Amino acid sequence: MNKWMKKISALLAMMLLVLTFIPTAVSAAETGSDEKVAVYVRVPEDWSNPCVWAWDEDGTNAFEAWPGEEAEADQANEGWYYIWIPSWATHVIVNANEGEVQTDEQILEGKNAWITISAADQVEVSYEQQTTGDIPEYVEKFVVHAQVDESWENPCIWAWSAPDGTNAFEAWPGYALSDDGDGWYSAKVPVWVNSIIINANEGAVQTEDISIDAAEVWVTVDAEGKSDFSYVDPNKEEVPNITVHVTAPADWEAPCLWAWSAPDGTNVYSTWPGEALEEGDGWLTKEIPGWVNSVIVNANEGTVQTQDISIETGKDIWVVVTDAENYEVSYEEPTTSTAAVETKAADATEEADTAADVTETEESNHTVLVVVIVLVVLIAAVVIVMAVKKNKK
Amino acid sequence: MKKICSLLMICCLLAGMLCGCGSTDSGGSQAEDGTTTITIWHDKEDAIIAVLEERLKVLAPEINIVFEKKSDLTEALKMVGNDPKAAPDMYFFAHDKIGVYAEMDILAPITDIIPKEELDQYMDSTIAAATYKDEIYQLPIYYETLLFMYNRLYMDDSEVPETTEELYAYMEENTKGGHYGFVEQHSTPYYAAGWINGFGGYILNEDGVPGLDDAKTIAAVEYHKKFVALMPGETEYATVNTLFSEGMAHSTIAGPWMIPTVRAQGMDVGVAPMPVIDETGTPIAPYMGVQGIQVLKFAAENKKDAVEQVLRVLMEPEVGVELAQASGCAPANEACYELDEIKSDEVVMAMKETAESAVPMPNIPEMDVMWTVAGNFLTDVNMSGKDVAESAADAQKEAEKLIESMQ
């Protein structure tokens, strides 16, 4: 019995510990906020385009991919570059020459820091300001991707805010786009930018003014400078088509499928109720694009329908519809449709019973209560008998 | 022996606790110890109920208030509203089901408890919403209307459209590359109602007559189509909210409940008055929902004193202020708008302005069938490209048939 008590006490203590830990964990997550700190770097002369790669002690990266984000030259302090990183990213590596040279890992204190690099293995970190003047304000930025014609060399971006005409860069042709190696170039611009021009060949060729939202954008430019853009990544891997298999209730005439992608709302079909499902191998089927993540099965010219059915993209699905409110989705063909029939029967019974259930709540609760009390007393009796026997020994 | 006693005590305790898990029993007027329990069903978020609970603590220990959250409140009330043992004493819900429950004869007019003249402190529109067949069945607490919201990252305050034609021009200019100038749930009646009401049309009038084939309703739906053409085809709730909250749409018409979410995501969200419809000179006029307390007949008859005390606490203007601060609710009590805490609240004041042209959601039972019929009508027109007049005529017939079958 003592052993039991000890075990129960240990369990309770663990639960208490977990409960105590929850608020700590939540507040830790909350403090991992958007606060930014400035990291200044001074690099050897043969280090070009210095970048900072940063992460926290749990391995969460501040930037998407190596070599991290490029630091910006501080016009007021020659030789110094600066970058804003999240204050939680206290582990950094400074690198340059497209990641070919780099420092060791530096552990920072989550506040503005000045890193002087004499060589890859000679790094000094200071929290005393080493530059003159104010630290440039943090400005949120977004990425502009550009794909230009082969004849366009050394493409640059010129960016400004219309109609006030504030420029993001000092002089035409603007900021050199970095080659991402996949046929695309990119650069970051401040969120107050709403107009850009992509140019090349030292500004000799260029697009017209392009009005954009302050959001990651992909711009394509042909040889003549004609441009088009999209806020959706055109490089996203194409997902192959999928097949939707459906069984619908017998009284649903001419079942159709309506399919779309949420949240962008791109529809597969232009008009409701979508397209008719075709008779197949015991199922009604329809092939649809793999990017679809939401479908509705409907019938009788769209007058009966399921709710929105969320599905995983890129996977064939089997949907067993029992009525407008009930359906089952699986990603492998169900072995038998009995389950569906059972579900429907169960649902029908459930519906029929609902009214009775509500009015009889009290009675049924009492029954459950009696059963639970009897069970508790029985368990207690068994425990007592065992304890008494053990004491006798 | 001590251990055995402890075990027995634990068992008794457990059994005692389990006994407390029974169903709602608001029957009877007073417990043996002289206390009265008032059970209030609701479907509200925790922040709102916390305010009410705190305020109503003043009535303890004589009156014990129990709030019970019910996800299926309306259906459950239909089932047990007549059973004092299972029904609550009051419920906290939108006004639009008042007609249904008044016809079931389970509601007591609020004026049976609070004299009518004391309700003068409430906005006229909220009292109108609470009235069914000349009886006031709800004590209004707060109201909601849809709001015109915009993302300041994309839409400058100076660009906010004042008219629907300005909105259309903005949409034409900014709907490109996968971003939208404006999105709304264009084929959901609750949202489309703003356009229909703004044209002087109606989905259902106060006499329970559908107005889907009314000339003004048809004109509204016809005019609205050009806006629909610049929105995504699928515009159910999640799609529209996600498009706006994830920065893929510049502006939207949505409920005030959206604001805390997008603010938490870091959006600098602006709220503006509804654009004025150029064709009619009146603003888009969305439905107004009034959230308040309804009293069940049994409680009004058997716990009248306790019910009155609860209502009087909830009539205090401070309740409205605290609800506005806790959850952005717009108080129904006019006195709240004299207080600085409310006057300085951008969202609440925008709702007040919108409420001036908003139309209380019909509270008559016939509205139950209109949501589906009007939804199908809008889907036919906006998503299936069917003729507006023909679809309106078909929908009107369907609505009339369904309403007739309700009689």
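Domain bounds are the residue ranges that an automatic or database domain assignment gives to each part of a chain. Keep that in mind as you explore this predicted model.

**Stop 1: the two domains of chain B.** Select residues 2–144 together with 288–360 of chain B, and you have domain 1. Now colour 149–285 and 363–405 of chain B, which make up domain 2. The centres of these two domains of chain B, taken over C-alpha atoms, are 31 Å apart. Where they touch, 19 residues come from domain 1 of chain B and 16 residues from domain 2 of chain B.

Next, pick helix 15 (346–355) of chain B: on the domain 1 side of this contact, helix 15 gives the most, with 6 residues. Helix 4 (98–103) of chain B also supplies at least two residues there. By class, that side of domain 1 of chain B has 9 nonpolar, 5 polar and 5 charged residues.

**Stop 2: helix 6 of chain B.** Select residues 164–174 of chain B and show the side chains. Which residues of this helix are buried? They are Thr164(B), Leu167(B), Tyr170(B), Met171(B) and Asn174(B). Because they cover an arc of only 115° around the axis, they lie on the same side of helix 6 of chain B. Then turn to the face pointing away from the buried side, where Glu172(B) and Glu173(B) are exposed.

**Stop 3: a sheet in chain A.** Here 5 strands form an open, mixed sheet in the order 15-16-11-20-21. Its edges are strand 15 (178–179) and strand 21 (227–230) of chain A. Finish by zooming in on strand 20 (217–221) of chain A, which runs antiparallel to strand 21 of chain A and is joined to it by 4 bridges. Look for Val221(A), which stands opposite Ser227(A) in strand 21 of chain A.

How values were computed
Residues numbered from 1 in each chain as written. Chains lettered and ligands numbered in written order. Predicted model: local features only at pLDDT ≥ 70, side-chain atom pairs only at ≥ 80, totals over all residues. Buried ≥ 20, exposed ≤ 12 C-beta atoms within 10 Å, placed from the backbone. Arc of directions from axis to C-beta. Pairing = 2+ DSSP bridges. Contact = placed C-beta atoms within 7 Å. Nonpolar A, V, L, I, M, F, W, Y, C, P; charged D, E, K, R; others polar.
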